[in-house]
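This short report looks at one protein chain and at a few of its residues. The sequence and the structure come first.

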Amino acid sequence: MAFFDWNHNGKKDGGDRYIEYHIYKDMTGDGDSEHQYETSTSSGGHAEIFIIVCIIALIFIGIVRI
(Lines give C-alpha, C1' and ligand atoms only; values in the text may rest on other atoms or scores of the structure.)
Protein backbone atom coordinates (compact mmCIF):
# COMPACT_ATOMS: atom_id res chain seq x y z
CA MET A 1 0.00 0.00 0.00
CA ALA A 2 1.33 3.40 -0.93
CA PHE A 3 1.73 5.89 1.89
CA PHE A 4 1.70 9.03 -0.28
CA ASP A 5 0.13 10.13 -3.57
CA TRP A 6 3.42 10.74 -5.40
CA ASN A 7 1.96 11.35 -8.87
CA HIS A 8 -0.82 13.62 -7.52
CA ASN A 9 -3.67 11.88 -9.32
CA GLY A 10 -5.87 11.68 -6.20
CA LYS A 11 -5.31 7.95 -5.63
CA LYS A 12 -2.68 5.89 -3.85
CA ASP A 13 -2.33 3.29 -6.58
CA GLY A 14 0.24 1.11 -8.31
CA GLY A 15 2.13 4.07 -9.73
CA ASP A 16 2.64 5.44 -6.25
CA ARG A 17 3.79 2.03 -4.96
CA TYR A 18 6.29 1.85 -7.84
CA ILE A 19 7.72 5.27 -6.99
CA GLU A 20 7.91 4.42 -3.26
CA TYR A 21 9.69 1.16 -4.05
CA HIS A 22 12.40 2.95 -6.03
CA ILE A 23 12.77 5.64 -3.37
CA TYR A 24 13.19 2.86 -0.79
CA LYS A 25 15.80 1.11 -2.94
CA ASP A 26 17.75 4.35 -3.42
CA MET A 27 17.65 5.23 0.28
CA THR A 28 18.65 1.77 1.56
CA GLY A 29 21.25 1.00 -1.07
CA ASP A 30 19.48 -2.19 -2.15
CA GLY A 31 19.42 -3.20 -5.79
CA ASP A 32 21.95 -2.99 -8.57
CA SER A 33 24.67 -0.54 -7.64
CA GLU A 34 26.12 -0.75 -11.15
CA HIS A 35 23.04 0.95 -12.62
CA GLN A 36 22.90 3.83 -10.18
CA TYR A 37 24.13 7.25 -11.19
CA GLU A 38 25.47 6.38 -14.62
CA THR A 39 27.37 9.13 -16.36
CA SER A 40 27.67 9.63 -20.06
CA THR A 41 31.18 9.61 -21.45
CA SER A 42 30.29 10.15 -25.09
CA SER A 43 30.76 13.54 -26.69
CA GLY A 44 27.95 13.04 -29.21
CA GLY A 45 25.64 15.29 -27.23
CA HIS A 46 27.97 18.26 -27.62
CA ALA A 47 27.77 18.13 -31.40
CA GLU A 48 23.96 18.09 -31.29
CA ILE A 49 23.90 21.10 -28.97
CA PHE A 50 26.32 22.97 -31.24
CA ILE A 51 24.13 22.29 -34.28
CA ILE A 52 21.00 23.47 -32.47
CA VAL A 53 22.73 26.67 -31.34
CA CYS A 54 23.91 27.33 -34.92
CA ILE A 55 20.40 26.84 -36.29
CA ILE A 56 18.94 29.20 -33.70
CA ALA A 57 21.63 31.78 -34.51
CA LEU A 58 20.89 31.53 -38.24
CA ILE A 59 17.17 31.96 -37.61
CA PHE A 60 17.88 34.99 -35.42
CA ILE A 61 20.13 36.53 -38.08
CA GLY A 62 17.41 35.95 -40.67
CA ILE A 63 14.80 37.68 -38.51
CA VAL A 64 17.06 40.67 -37.80
CA ARG A 65 17.71 41.26 -41.50
CA ILE A 66 13.99 41.52 -42.29
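Does Gly-14 count as buried, exposed or partly exposed? Gly-14 counts as partly exposed because its relative accessibility is 35%; buried means under 20% relative accessible area, exposed over 50%, and partly exposed in between, with a 1.4 Å probe and protein chains only.

The model is predicted, so local features need pLDDT of at least 70 and side-chain atom pairs count only at pLDDT 80 or more, while totals for chains, interfaces and linings use all residues. Residues are numbered from 1 along each chain as its sequence is written, and side-chain values use heavy atoms, with hydrogens and water left out.

**The chain.** Two helices and zero strands are found in the chain; these are DSSP runs (helices H or I, at least four residues; strands E, at least two), numbered from the N terminus. Of the 66 residues in the chain, 6% are buried. The accessible surface is about 6100 Å², and carbon and sulfur atoms hold 65% of that surface. Such areas come from the Shrake-Rupley method with a 1.4 Å probe; for residues, only the protein chains shown count as cover.

**Asp-16.** Helix α1 covers residues 14-28 and includes Asp-16. Gly-14 lies in helix α1 too. Asp-16 counts as buried because its relative accessible area is 0%. Asp-16 has no salt bridge, that is, a side-chain nitrogen of Lys or Arg within 4 Å of a carboxyl oxygen of Asp or Glu. Arg-17, the nearest side chain of opposite charge, is 7.4 Å away. The side chain of Asp-16 does reach the backbone nitrogen of Asp-13, at 3.1 Å. Beyond its neighbours within four places in sequence, Asp-16 is in contact (heavy atoms within 4.5 Å) with residues including Ala-2, Phe-4 and Trp-6.

| Pair | Apart in sequence | C-alpha to C-alpha |
|---|---|---|
| Asp-16 and Ala-2 | 14 residues | 5.8 Å |
| Gly-14 and Ala-2 | twelve residues | 7.8 Å |

**Phe-4.** Phe-4 lies in the segment before α1 and is partly exposed, at 40% relative accessibility.

Technical notes. Lys and Arg count as positive and Asp and Glu as negative; His and the chain ends are not counted. A polar contact is a pair of N or O atoms within 3.5 Å; within protein, one must be able to donate a hydrogen and the other to accept it, and residues adjacent in sequence count only if both atoms are side-chain atoms.
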